[in-house]
Amino acid sequence: MLARDLSTAYEARARGRAPVWATAPVLRLPEPARPGLTEEWVRHLRGAAEIAWRDEPSDACAFECPDTGHVSARRLTAGQAAALREWAAARGQSIFGVVLAAFTQALAEQAERDDFLVGLPTRTRSSAETDVVDCLINVVCLRPPSGHLSWPEYVAATAEELRWCLPRNTAGLHGIRLALNPPRTGRNPLYQVMFAYQDHPAATLSLGGETVYHRVTTRRAPVELLLEVVPDAEGGLGLVGSRQCEHVGDRVLQAVLDGTAARLDRL
């Protein structure tokens with residue numbers, strides 16, 4: 001929606017006219033969470049610990065990076081992505097859950113213990129509501145499966161966890177954090193790792209004439225390691241990992257990214 005509106009405004013202003021909007025966006029206030037939802041989350045998350053990395057980041061930066069830190073990427077071809085969807089569908093799963101399971105299992109190999117939390121940005125409105133302006137994204141805390149499980153068992157357990165978490169994504173993290181009251185250690189409370197799966201390829205701007213693009217430095221996500229899954233126009237999937245330099249080294253980031261891709265490659 002943002003790319004569409006920017007393109008409309010740019011084209012109109014380039015011709016010396018005010019933009020004409022097809023529809024006016026509707027402002028909607030977030031709906032309050034149902035009673036008892038925060039307490040359900042507190043019971044579900046209690047006992048989980050901060051992630052403890054196996055290796056100290058010897059290649060970490062001694063200073064705070066001004067942007068998203070160090071980035072590494074892998075790509076699954078359209079054929080590989082189609083095979084993953086077929087594998088997941090045959091087992092009643094989604095490709096989202098399968099890629100998430102591969103990521104958290106690879107992540108556990110780089111952690112001292114496997115009982116940690118992963119932040120999942122989720123959409124709080126339906127895809128049909130394309131012209132509603134509101135609080136669109138809320139983060140839920142996923143608790144990955146722990147213990148010695150086979151790969152099919154791990155994927156099934158991840159899917160079960162998603163079925164519990166996603167319908168409860170209207171609960172506010174602030175209230176959950178206050179109720180749990182985790183120790184303050186200078187790290188992001190509740191979760192230090194995030195997994196973000198994009199629904200669609202990145203939007204493109206339709207800007208006519210000669211256009212100059214400037215790279216904008218963005219602030220980092222408040223997590224130590226982030227994996228973003230981004231579909232492309234050819235049907236492939238990009239796996240983009242990034243780290244905060246002062247917490248996680250390049251070796252851990254690359255090991256998690258390679259471990260995720262290797263599990264998906266085997267499917």
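Author: Let's start where helix α2 meets helix α6: T38, W41, V42 and L45 in α2 meet G175, I176, A179 and L180 in α6. This is a predicted model, in which local features need pLDDT of at least 70 and side-chain atom pairs count only at pLDDT 80 or more, while totals for chains, interfaces and linings use all residues. Residues are numbered from 1 along each chain as its sequence is written, and side-chain values use heavy atoms, with hydrogens and water left out.

Reader: What makes these residues of α2 and α6 "meet"?

Author: Contact means heavy atoms within 4.5 Å. T38 in α2 and G175 in α6 are among the residues that meet in this sense.

Reader: How many residues in the contact of α2 with α6 are nonpolar, polar or charged?

Author: Six are nonpolar, two are polar and none is charged. Ala, Val, Leu, Ile, Met, Phe, Trp, Tyr, Cys and Pro count as nonpolar, Asp, Glu, Lys and Arg as charged, and the others, Gly among them, as polar.

Reader: Why is α2 called oblique to α6?

Author: Helices α2 (residues 37–45) and α6 (residues 173–180) pack at an angle of about 55°, with their axes 9 Å apart. Angles under 35 degrees count as roughly parallel, over 145 as roughly antiparallel, 65 to 115 as roughly perpendicular and the rest as oblique. The angle of about 55° falls in the rest, so α2 is oblique to α6.

Reader: Is the crossing of α2 and α6 left-handed or right-handed?

Author: The crossing is right-handed. That word applies if the near helix is turned clockwise from the far one by less than a right angle, and left-handed if anticlockwise.

Reader: Now the sheet. In what order do its strands run?

Author: Six strands form an open sheet in the order β2-β8-β7-β6-β3-β5, with mixed pairing. The edge strands are β2 (70–76) and β5 (137–142), each pairing on one side only.

Reader: How do you know that β3 and β5 pair?

Author: Two strands pair if DSSP finds at least two bridges between them. Strand β3 (residues 118–123) and β5 have six bridges, in the antiparallel sense, and T122 stands opposite N138 in β5.

Reader: What about β3 and β6?

Author: They pair in the parallel sense over two bridges, and G119 stands opposite M194 in β6.

Note on methods:
Helix = DSSP H or I, 4+ residues; strand = E, 2+ residues; numbered from the N terminus. Axes fitted to C-alpha atoms, helices over the stretch in contact; angles between N-to-C directions.
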